[in-house]
Amino acid sequence: MTRIDQLSPEFVEYIPERPAPGFLYVSKRYATALHLCCCGCGSEVVTPLNPAKWHLKEDGGTVSLSPSIGNWSFPCQSHYWIKGNRVSWAGAMAPEVIAAVKARDRRDAAALAPEPAGFLSRLGRVLARTLSKIGNWWRG
Ligand SMILES: [Zn+2]
């Protein structure tokens, strides 16, 4: 597997069916970008461009994506930043950091599309915990 250290932006209307390594395909129409995982494993990395997901910055023919790309769901678990067309590699992430990032993603998504049922069940759990604490205190 060849690691990719540079991506060239390709502005397209539709993401190609067979994307080539080394390109970052950007479809503004569908607010999505896609590239093949830069570790060389060939997995397709889809990065939706919206406030809860990724932000694409263009600067003089170069592109940057923020936040970083964390391919936790792929066997390679690679993690890198795309800045000014360059791929900069992050060290391996500890499992608890990955869990925290996933939790943050879920929170962001929930903030964008609130689920009243989910919120109520969380509230219920918090109340139950609080009540059991009070109960313990009462029993001493
Ligand atoms: Zn990979």
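How many helices and strands does the secondary structure of the protein chain come to? The count is two helices and eight strands, where helices (H or I, at least four residues) and strands (E, at least two) are DSSP runs numbered from the N terminus. Along the sequence, these elements follow the pattern β-β-β-β-β-β-β-β-α-α. The model is a predicted one, in which local features need pLDDT of at least 70 and side-chain atom pairs count only at pLDDT 80 or more, while totals for chains, interfaces and linings use all residues. Residues are numbered from 1 along each chain as its sequence is written, and side-chain values use heavy atoms, with hydrogens and water left out. Of the 140 residues of the chain, 29% count as buried; here buried means under 20% relative accessible area, exposed means over 50%, and partly exposed lies in between (1.4 Å probe, protein chains only).

A pair of aromatic rings is described by the distance of the centres and the angle of the planes. A search of the whole structure finds three aromatic pairs; rings of Phe, Tyr and Trp (its six-membered ring) pair if their centres lie within 6.5 Å, and planes under 30 degrees apart count as stacked, over 60 as edge-to-face and the rest as tilted. One of these pairs joins Y14 and Y30, whose ring centres are 5.7 Å apart and whose planes meet at 35 degrees, so the pair is tilted. Y14 belongs to the loop between β1 (8-12) and β2 (23-27), and Y30 to the loop between β2 and β3 (32-36), so this pair ties together parts that are 16 residues apart in sequence. With a relative accessibility of 52%, Y14 counts as exposed, whereas Y30, at 43%, is partly exposed.

Another tilted pair is formed by Y80 and W89, with 5.0 Å from centre to centre and 55 degrees between the planes. Y80 is buried, its relative accessible area being 0%, while W89 is partly exposed at 24%.

Attention now turns to empty space. Rolling a probe the size of a water molecule over the atoms shows where empty space is left. The largest pocket holds about 480 Å³ of space. On a 1 Å grid over the protein atoms alone, a pocket is an open set of points where a 1.4 Å probe fits, with protein on both sides within 12 Å along at least five of seven lines, and lining residues have an atom within 4 Å of a point. The volume is the space filled by probe spheres set on the points, which are joined across faces, edges and corners.

This largest pocket is lined by 21 residues, of which W54, S68, W72, V101 and D105 are the closest to its centre. At least two lining residues come from each of β4 (44-48), β6 (62-70) and α1 (95-112), and α1 gives the largest share, five residues. By type, the lining divides into ten nonpolar, five polar and six charged residues (Ala, Val, Leu, Ile, Met, Phe, Trp, Tyr, Cys and Pro count as nonpolar, Asp, Glu, Lys and Arg as charged, and the others, Gly among them, as polar). Domain 1 (1-92) and domain 2 (94-140) both contribute to the lining, so the largest pocket lies between them; the domain bounds come from an automatic or database domain assignment.

I98, in helix α1, is buried at 10% relative accessibility. I98 and W72 are 26 residues apart in sequence, with their C-alpha atoms 7.4 Å apart. P51 lies in the loop between β4 and β5 (55-59) and is exposed, with a relative accessible area of 83%. From P51 to D108 there are 57 residues in sequence and 9.1 Å in space, C-alpha to C-alpha.

A few backbone details complete the picture. S66 and P67 are joined by a cis peptide bond, with omega about -5 degrees, and P67 has its place in strand β6. Q77, a residue other than glycine, has a positive phi near 50 degrees. Q77 is found in the loop between β6 and β7 (79-83) and is partly exposed at 41%. N85 is not a glycine either, yet its phi is positive at about 70 degrees. The place of N85 is in the loop between β7 and β8 (86-89), where N85 is buried, with a relative accessible area of 9%.
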